[in-house]
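Please examine the sequence and the structure shown below. The paragraphs that follow lead through a number of local features in turn.

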Amino acid sequence: MHMTSTLFLAFSALLLQSIEMRKAGRGRSLRGVRHGLTRERVRGGGRHSRSGPSKLVAMDCSESIDSGEVFVDCQNRRLSTIPSSKTWSQEPKHLLLARNRIKVLRDGAFFGFEGLKSLDLQQNHISVVEEAAFQGLTRLTTLLLQHNRLGTLSEEALIPMPNLRYLRLYDNPWNCLCPMDSLIRTLQVPSNRNLGNHARCAEPVKLKGRRLKQIDPELLCRESDHTGDPQGDQTDPSDFLEPIPFRSKPDATTSCHTYLFPQPRLDCSSRGLTQVPTGIPDDIVHMDLSHNSIHHLRAREFQDARSLRTLNLSRNSLEHIDTASLSGLLHLRELDLSDNSLHSVKYGVLEDLYFLSQLKLGGNPWVCNYSIHYMVYWLHLHPGVKDSGLRCRSPPEHTGESVEAYVHSYNRECPKDRQRSQTDQGQTDPELWNTPLELQRELEEEEVEPNHLRAPEKYRIIRLP
């Protein structure tokens, strides 16, 4: 009996110890689970959009600070909804959502983004903007909606943005009928000169190609009446045809994509351009015109692009550059002329590029004759410019040779067509022959004819003392 009691007590002690260990383990496990959930909440802070839990909506977006303001870059992330405002560590001032898959902007889509100053929604698939979509964006000054699928937009959608100064709406299929009346009247207010520039009607046929800012709003509802008139089919179709004004050159704002971050950039690459587009905004800092078919740069093509720092003209089959084509680009730092069809560059083309630091010239069929000397002289006068790719393609005896080496050899070896007479030898250092200064003196000497060969003067003025 005593032994049985002893065994019972021992078994009870072991059972109690096991229960305590299970409790402790269970507590530790619960704390671990809670800790794991907390970590998941922190890690998944950007996984929910306004439409509820979904894909990794904002995990790939990047935050940066420029001039003390927070930029959130969600460009080209395949987003179909607006990310949550609670995703970011700081309140964003600029939200970049270009090149995504957003189709509809619902009411309250930007709740929590009340501090935004600029909103970039270009190059999405937006076809519907509800009237309260921009509610709360009272500080917004720039809204980019170009290159979407908008056919109509109400003035009520703009009312929540009293500080809006720049609105881009071009390259949308605007249906210029009665529902567009209020928007068009708003765009045509003189103080709204930067709202809706370059946007054009796609329908109806009679108004196709007309700018929204130039349409008489009274015509819109008339067109709607004609559309709903059962007898409208009896109207002569020729009455609705109006020739679209011929535009000799493409417009930069409609032909190219404009980006604001990190600096204003105009992307005109691979757009099938044969000329430099007009209307380049004066605040554009970087411009890409590569992979087009521009064969000739004409004078004053960039006269309005005074803020340009980089200009890419590579891969254009460019053959001719007029002397004043780059005039006005006083702040240009980088110029890319590579992979074109340039044989030489005319005297004076580069004279306005005071701050140029990089010049790309490779991939051109440079012809090493006297017309190529200007490039070498200009580069010698601007030692701060880092150039690349300036090599002779022809004539065959100089193929592959650097143009600088060719010019030096040209000056060392006096060409037969420049040989001087025995009386001239020793008067001029051969190293200085064929320089611009020496050539100018030769021309001046050729212009001065001997007295007995000059034509008789018709009048002669004698000053008396």
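This is a predicted model: local features need pLDDT of at least 70, side-chain atom pairs count only at pLDDT 80 or more; totals for chains, interfaces and linings use all residues.

Asp 322 is buried, with a relative accessible area of 19%.

Side chains of opposite charge can pair when their charged atoms come close. By the rule used here, the model has six salt bridges. One of them joins the side chains of Lys 117 and Glu 69, at 2.5 Å from N to O. Lys 117 belongs to the loop between strand 6 (104-105) and strand 7 (118-120), and Glu 69 belongs to strand 4 (residues 69-73), so this pair ties together parts that are 48 residues apart in sequence. Lys 117 is partly exposed, at a relative accessible area of 33%.

A further salt bridge is formed by the side chains of Arg 185 and Asp 181, at 3.0 Å from N to O. How far apart are Arg 185 and Asp 181 in helix 2? They are four residues apart in helix 2 (residues 181-187), and therefore about one helical turn separates them. Arg 185 is partly exposed, with a relative accessible area of 39%, whereas Asp 181 is buried, with a value of 18%. Asp 181 counts as buried because its value is under 20%.

The next topic is the open space in the model. Rolling a probe the size of a water molecule over the atoms shows where empty space is left. The largest pocket holds about 700 Å³ of space. It is lined by 29 residues, and those closest to its centre are Tyr 166, Arg 168, Leu 260, Pro 281 and Asp 283. Which strand gives the largest share of the lining of the largest pocket? Strand 10 does, with three residues. At least two lining residues come from each of strand 4, strand 9 (142-144) and strand 10 (166-168). Strand 4 is also the strand in which Glu 69, the partner of Lys 117, is found. By class, the lining of the largest pocket consists of eleven nonpolar, twelve polar and six charged residues.

With 47% relative accessibility, Phe 355 is classed as partly exposed.

Attention now turns to the backbone. Glu 203 and Pro 204 are joined by a cis peptide bond, for which omega is about -10 degrees. Pro 204 is in the loop between strand 12 (201-203) and helix 3 (218-228). Is Pro 204 buried or exposed? Pro 204 counts as buried, at 17% relative accessibility. The C-alpha atom of Pro 204 is separated by 6.6 Å from that of Cys 176, although these residues are 28 residues apart along the chain. Another cis peptide bond runs from Ser 394 to Pro 395, with omega near 0 degrees. Pro 395 is in the loop between strand 23 (392-394) and helix 6 (403-412).

Arg 78, a residue other than glycine, has a positive phi near 60 degrees. Arg 78 is placed in the loop between strand 4 and strand 5 (94-96), and its relative accessible area of 65% makes it exposed. Ser 270 likewise is not glycine and has a positive phi, near 55 degrees. The position of Ser 270 is in the loop between strand 14 (265-267) and strand 15 (286-288). Ser 270 counts as exposed, because its relative accessibility of 53% is over 50%.

Methods
Residues are numbered from 1 along each chain as its sequence is written. Side-chain values use heavy atoms; hydrogens and water are left out. A salt bridge is a side-chain nitrogen of Lys or Arg within 4 Å of a carboxyl oxygen of Asp or Glu. Buried means under 20% relative accessible area, exposed over 50%, partly exposed in between (1.4 Å probe, protein chains only). On a 1 Å grid over the protein atoms alone, a cavity is a set of points where a 1.4 Å probe fits but cannot get out, and a pocket is an open set with protein on both sides within 12 Å along at least five of seven lines; lining residues have an atom within 4 Å of a point. Grid points are joined across faces, edges and corners, and a volume is the space filled by probe spheres set on the points. Ala, Val, Leu, Ile, Met, Phe, Trp, Tyr, Cys and Pro count as nonpolar, Asp, Glu, Lys and Arg as charged, and the others, Gly among them, as polar.
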